[in-house]
Structures are given as C-alpha cells and as structure tokens.
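The sequence and the structure are shown first, and the description follows.

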Amino acid sequence: GSLVVDDRYRNEWRGTVGGDWMDPANWSFGWLPGADEKVVLKAGAKAVVPEDTGAFGQLLVEEGATLVQSNWTSRVRADEIVVNGTVTTFGSFTNDAPQARVWLTCRDLTVGATGAIDVDGKGWSGGRYAGGQRPGCGPGASAMSCGAAHGGCGSMTVVGRSIGKVY
C-alpha cells in the first residue's frame, strides 16, 4: 500500500533531536502533525510515540522505518494508516514495569507486503515470586505454581524445572 501525498500537507519525520514524536523540532513543519496533515516516516527513521498523538490525516510508515509505541497510552490517531515498515512497542512488561501496547485508531489500515505490526515477545512476561519471574505467575504465586501463557509453562514448575508442555 501507498499514499498519494500532497507535499503542501506533508509533515515529514526528521528525528533531528532524538526519537520523541512529541518534540516539534523532529518534524519538517516544526510542529506536531495536525488535522489533514500527511505524516511520512521514511526508510531508516525511528519515531517513539510516548502519548496520544492527537488526530491527523494520514500516516505512511515506509519500508525500513519503525514506529514505536512506548506505553499504555501511546495512541496513534489518523484517518488512514499505511504500514510498509514496522509498528511495534517496547519489550515485555512485568508487575513492576510500565505496560506498553500497539494502539492504532484509524478508518483505514493497510499493512503492505513489507510491513509488520510486530509485538512478538512484547506482552506480559509474568509475575514475580521469591525465585524470580516466569510466565503466568500472578501475585500470591508460590514456587510450585504456574499458569499457562502463550508459549510458556502449561502446568507447574518444580525446583526450576517446568512440568507440562508448551502449547
């Protein structure tokens, strides 16, 4: 997928003062994307969205570009989104670490052949118990208990050894 972008409304990501989407100095217009503007992240670009972007017209994440949503409230709002690069979030989270997700709000979403919404290994990594962390353990878990998690322990852990299969 691709967008036809009228250059008069093309607010291009420059990333000249870091990766923060919310810093106006990172944008070709010198301000954050607004209504009807077309946003372009070119190949090699990496933009980190720390909060709600506010609404704008279109977003094109070109092949080789990365858009990272850094926390639970990092929402990207556009009428149309085309992903030919990567949209992702920071790594997995725990009881003590901030939560993050990919949150896109749009009327039309196109993920092209080279595009990806990549959240592999970036969900809940498990709760904590005296011996460390493992998938599926919430508060109150003992060293002998464990719950199922995608690709995680399916039964219980005994002295550091999982008993049960990965589903």
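## Burial and surface

A residue counts as buried when its relative accessible area is under 20%, and as exposed when that area is over 50%. By this criterion, buried residues make up 37% of the 167 residues in the chain. The model described here is a predicted one.

The chain exposes about 8700 Å².

## Overall architecture

The chain contains 14 strands and zero helices. Its pattern along the sequence is accordingly written β-β-β-β-β-β-β-β-β-β-β-β-β-β.

Contacts also link parts of the chain that are separated in sequence. Of the contacts between residues at least 6 apart in sequence, 39% join residues at least 24 apart.

## An open parallel sheet

Four strands, in the order S3-S5-S7-S10, form an open sheet with parallel pairing. From one strand to the next, the twist averages 15°.

Within this sheet, strand S5 (residues 66-69) and strand S7 (residues 86-89) run parallel and are joined by four bridges. Glutamine 69 stands opposite threonine 89 in S7.

## The largest nonpolar core

The largest nonpolar core has 20 residues. Those that touch the most other members are Trp21, Leu41, Leu59, Leu67 and Val76. Two or more residues of this core come from each of strand S2 (38-41), strand S3 (46-49), strand S4 (55-61) and strand S6 (75-83). The greatest contribution is that of S6, with four residues.

Leaving aside residues up to four places away in sequence, leucine 67 touches Trp21, Leu41, Ala47, Val49, Leu59, Val61, Val76, Thr86, Val87 and Thr88.

## Lysine 38

Lysine 38 lies in strand S2. Is this residue, lysine 38, buried or exposed? Its relative accessible area is 18%; because the cut-off for burial is under 20%, lysine 38 is classed as buried.

Conventions:
Residues numbered from 1 in each chain as written. Predicted model: local features only at pLDDT ≥ 70, side-chain atom pairs only at ≥ 80, totals over all residues. Heavy atoms only, no water. Core = buried A, V, L, I, M, F, W, Y, C linked by side-chain atoms within 4.5 Å. Buried < 20%, exposed > 50% of the residue type's maximum accessible area, 1.4 Å probe, protein only. Contact = heavy atoms within 4.5 Å. Areas by Shrake-Rupley, 256 points an atom, 1.4 Å probe, with all protein chains shown as cover. Pairing = 2+ DSSP bridges. Axes fitted to C-alpha atoms, helices over the stretch in contact; angles between N-to-C directions.
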